[in-house]
Amino acid sequence: MGREGYIELLKVNNIQFSENEAMASHTSFKIGGGADLFVCPDSVDKLRFALAAAKKQGLPCFVLGNGSNLLVSDKGIEGVVLSTSCLKGLSLVDEETVFAEAGATLASLCVFAKDHGLTGLEFAYGIPGSVGGALYMNAGAYGGDMAGVVASAESLSAEELSPVKRDIGDMKLGYRKSIYEENGEIITGVYFRLKKGDKAEIADAMNTFISKRKASQPLDFPSAGSTFKRPAGFYAAALIDECGLKGRAVGGAKVSEKHAGFVINAGGATCDDVLALIEVIKAVVKEQKGVDLSTEVIFTGRK
């Protein structure tokens with residue numbers, strides 16, 4: 001049956017989809033060609049069905065969060081892109097626990113927690129990602145990270161797509177990594193254990209963090225956030241700056257002059273532009289500083 005059979009199954013099961021969807025519209029880099037099929041299930045059951053059906057039809061599948069840490073090929077993505085962005089529910093489990101579906105944005109989660117007088121997530125306000133993606137890479141900022149606020153999470157196993165629930169101690173959370181990178185499980189929802197706090201103080205802290213971001217980061221240009229992971233004993237941005245790479249450009253891709261750790265889309269950048277600039281940065285830093293940089297940004301799509 002293949003692609004046409006899969007489309008029919010999506011229609012019959014009332015699962016939202018589009019064909020040849022421009023991935024530039026679904027990534028913070030604003031870069032990327034078309035996805036053969038872009039599917040957005042609005043429930044975990046529909047997500048499981050869409051994944052299982054794609055496997056049965058022999059279609060390659062890529063699960064997409066908020067696209068904030070992603071660089072997509074100019075040639076697009078083959079097969080099915082399954083977006084969790086329609087799974088964005090937030091709910092209060094008890095007085096100090098919030099449940100967030102994987103596609104909820106961190107911004108919406110932070111506001112929800114603040115509105116319920118719960119503190120602990122202020123550091124995450126302004127991180128441009130989804131809840132699932134944030135846990136997947138243990139996102140963090142300003143001294144906080146997901147490991148400090150997550151209690152447990154729900155996911156689907158990689159092969160059987162059966163429900164899995166993991167407690168925080170079983171997630172192997174480290175610097176920008178988790179067990180989910182190893183086992184291929186698809187995060188569907190996360191439980192956050194927070195503390196009671198003062199709404200006004202929480203709001204002040206959130207505003208302080210977002211102001212720091214605006215002052216120090218090039219938020220007026222599309223990017224995928226910090227391009228490189230922090231090398232042991234160093235800061236990637238400082239190394240890049242010390243190598244005189246601020247402002248270095250390849251096509252429309254450019255090292256931000258505001259924050260050297262960001263490669264930005266300065267206008268009309270292609271995926272190839274970004275990849276070429278990343279290689280320039282890595283080569284220069286290796287030559288001048290003897291340090292190997294590895295990317296935080298994930299590349300996907302046709303080569």
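User: Which elements do the buried residues of α3 pack against?
Analyst: Happy to start there: this is a predicted model, where local features need pLDDT of at least 70, side-chain atom pairs count only at pLDDT 80 or more, and totals for chains, interfaces and linings use all residues. Numbering runs from 1 along each chain as its sequence is written, and side-chain values use heavy atoms, leaving out hydrogens and water. Helices (H or I, at least four residues) and strands (E, at least two) are DSSP runs numbered from the N terminus, buried means under 20% relative accessible area, exposed over 50% and partly exposed in between (1.4 Å probe, protein chains only), and contact means heavy atoms within 4.5 Å. The buried residues of α3 pack against β6 (90-94), β7 (97-101), β8 (118-119), α4 (131-136), β13 (186-193) and α6 (199-216).

User: Within what arc do the buried residues of α3 fall?
Analyst: In α3 (residues 106-115), the buried residues are Leu-106, Leu-109, Cys-110, Phe-112 and Ala-113. They line one face of the helix, because, seen down its axis, they fall within an arc (of the directions from the axis to the C-beta atoms) of 160 degrees.

User: Are α3 and α6 roughly parallel or roughly antiparallel?
Analyst: Their axes, lines fitted to C-alpha atoms over the stretch in contact, with angles from 0 to 180 degrees between N-to-C directions, lie 9 Å apart at about 155 degrees. Angles under 35 degrees count as roughly parallel, over 145 as roughly antiparallel, 65 to 115 as roughly perpendicular and the rest as oblique. So α3 is, relative to α6, roughly antiparallel.

User: Which residues of α2 do Tyr-6, Leu-9 and Leu-10 in α1 meet?
Analyst: The axes of α1 (residues 2-12) and α2 (residues 44-56) come within 10 Å and cross at roughly 160 degrees, so these helices are roughly antiparallel to each other. Across this pair, Tyr-6, Leu-9 and Leu-10 meet Phe-49, Ala-50, Ala-53 and Ala-54.

User: Which side chain makes a polar contact with the side chain of Ser-155?
Analyst: Ser-155 sits in strand β11 (residues 150-156) and, with a relative accessible area of 2%, is buried. A polar contact is a pair of N or O atoms within 3.5 Å; within protein, one must be able to donate a hydrogen and the other to accept it, and residues adjacent in sequence count only if both atoms are side-chain atoms. At 2.8 Å, the partner is Glu-185.

User: How far apart in space are Ala-100 and Tyr-125?
Analyst: Ala-100, in strand β7, counts as buried at 0% relative accessibility. In sequence, Ala-100 and Tyr-125 are 25 residues apart, and C-alpha to C-alpha they are separated by 15 Å.
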